[in-house]
Amino acid sequence: MRKPIGKIRSAKSAKRIRRKLFIRKKVNGSSERPRVCVTKSNKNIFVQVVNDQEGKTLFSVQTFGKNGVKGATCNKEGAKLVGAAVADKLKDGNFTNAVFDRAGNKYHGVVAAVAEAIRENGIQL
């Protein structure tokens, strides 16, 4: 993963990007253990499952759109619904293990709720 181009003006965003680069040095997905990447905004939650060896996104789940979970918003209850949907799709793809990538966000609140919901539904992170 390359560093972003240009200067990041917000100190908070700069810290998050720095954490993201530090995490991605160590966390890699494979065909046996894909990487579950959680990104959030103020309104939505995005989860991608990625095979880094092939450089392909296997699937994605979010709170809106075609792959969206009905009734899910960017709060802990919505994060649990999204996590359960991710776990179901991982089971459909015959995955039992995955690597969790928090994308530079702190493991707290919505990000932690997604991870816990995935674990509760039988996927080992």
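**Figure 1. Confidence along the helices of a predicted model.** Helix α3 (residues 110-120) has the highest mean pLDDT of the protein's elements, 96, while helix α1 (residues 11-26) has the lowest, 85. Here pLDDT is the predictor's confidence in each residue, on a scale from 0 to 100. Helices (H or I, at least four residues) and strands (E, at least two) are DSSP runs, numbered from the N terminus. Across the protein the average pLDDT is 90, and 96% of the residues score at least 70. This is a predicted model, in which local features need pLDDT of at least 70 and side-chain atom pairs count only at pLDDT 80 or more, whereas totals for chains, interfaces and linings use all residues. Residues are numbered from 1 along each chain as its sequence is written, and side-chain values use heavy atoms, leaving out hydrogens and water.

**Figure 2. Where helix α2 meets helix α3.** On the α2 side, the contact (heavy atoms within 4.5 Å) is made by K76, A79, K80, G83, A84, V86 and A87, and on the α3 side by V110, A113, V114, A117 and I118. Sorted by type, these residues are nine nonpolar, one polar and two charged; Ala, Val, Leu, Ile, Met, Phe, Trp, Tyr, Cys and Pro count as nonpolar, Asp, Glu, Lys and Arg as charged, and the others, Gly among them, as polar.

**Figure 3. Two cysteines, C37 and C74.** How many disulfides (pairs of cysteine sulfur atoms within 2.5 Å) are counted? The count is zero, because the sulfur of C37 lies 14 Å from the closest cysteine sulfur, in C74, too far for a bond. C37 is also buried (under 20% relative accessible area, with exposed over 50%, partly exposed in between, 1.4 Å probe, protein chains only), at 11% relative accessibility.

Terms used
A disulfide is a pair of cysteine sulfur atoms within 2.5 Å.
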